[in-house]
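Thanks for coming, everyone. Let me put the sequence and the model up on the screen.

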Amino acid sequence: MKLRNMYLLNTSSSLGSAIGLLLMSRVMLGLFGMDNTKDAVVLAQLIAVELVVGGLITLLARDVTDPKARSAINYGNMVAGVLGVVVALNATLTGVMGWFGYVVLAIYAIVALGFAYFQFFGPLD
């Protein structure tokens, strides 16, 4: 896999989740097994905004060749993926999130491992 493809994978998962959280907040919260209160809907939509940021960064940086810029993007996404794994695992195991929490956990794990690979072991192109 090329780094460009990892960026596009991150873009599609981020923007796909963002669209769902923005346009179908109550449905997405239901998948997570969470309450559909007004507060939760607003929080879901704010999270969607941050997912748009991450998705657009990797979309627009997919052809970046500067090693420092790529390293910063990879490292930031790797750390975010690790934190996502921890939070999603905790939320799922404590019952805050339903079974769909494992899907979120898997996505964060793929992101963390993918960016870690390119940060430390992957090809430079």
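First, the ground rules. This is a predicted model, where local features need pLDDT of at least 70 and side-chain atom pairs count only at pLDDT 80 or more, while totals for chains, interfaces and linings use all residues. Residues are numbered from 1 along each chain as its sequence is written, and side-chain values use heavy atoms, with hydrogens and water left out.

Now the chain. It has 5 helices and 0 strands. Here helices (H or I, at least four residues) and strands (E, at least two) are DSSP runs, numbered from the N terminus. Along its principal axes, the C-alpha trace spans about 45 × 25 × 20 Å. Of the 125 residues, 33% count as buried. Buried means under 20% relative accessible area, exposed over 50%, and partly exposed in between, with a 1.4 Å probe and protein chains only.

Next, helix 1. Its buried residues are Leu3, Met6, Tyr7, Asn10, Thr11, Ser14, Ala18, Gly20 and Leu21. They pack against helix 2, helix 3, helix 4 and helix 5. Take one of them. Is serine 14 buried or exposed? Serine 14 counts as buried because its relative accessibility is 9%. Leaving out residues up to four places away in sequence, serine 14 touches Leu51 and Gly55. Contact means heavy atoms within 4.5 Å.

On to helix 4, residues 67-93. Helix 4 has 27 residues and reaches 38 Å from its first C-alpha to its last, close to the 39 Å expected. That expected span is 1.5 Å times one less than the number of residues. Buried residues in helix 4 include Arg70, Asn74, Asn77 and Gly81. Their cover includes helix 1 (3-23), helix 3 (38-60) and helix 5 (100-120). After helix 4 comes glycine 95, with a positive phi near 90 degrees.

Last, the largest pocket. It is lined by 35 residues, and Leu21, Ile47, Leu51, Val104 and Tyr108 lie nearest its centre. A pocket, on a 1 Å grid over the protein atoms alone where a 1.4 Å probe fits, is an open set of points with protein on both sides within 12 Å along at least five of seven lines; lining residues have an atom within 4 Å of a point. Which helix gives the largest share of the lining? Helix 3 does, with 10 residues.

So, two residues to look for on the screen: Leu51, touched by serine 14, and Leu21, buried in helix 1.
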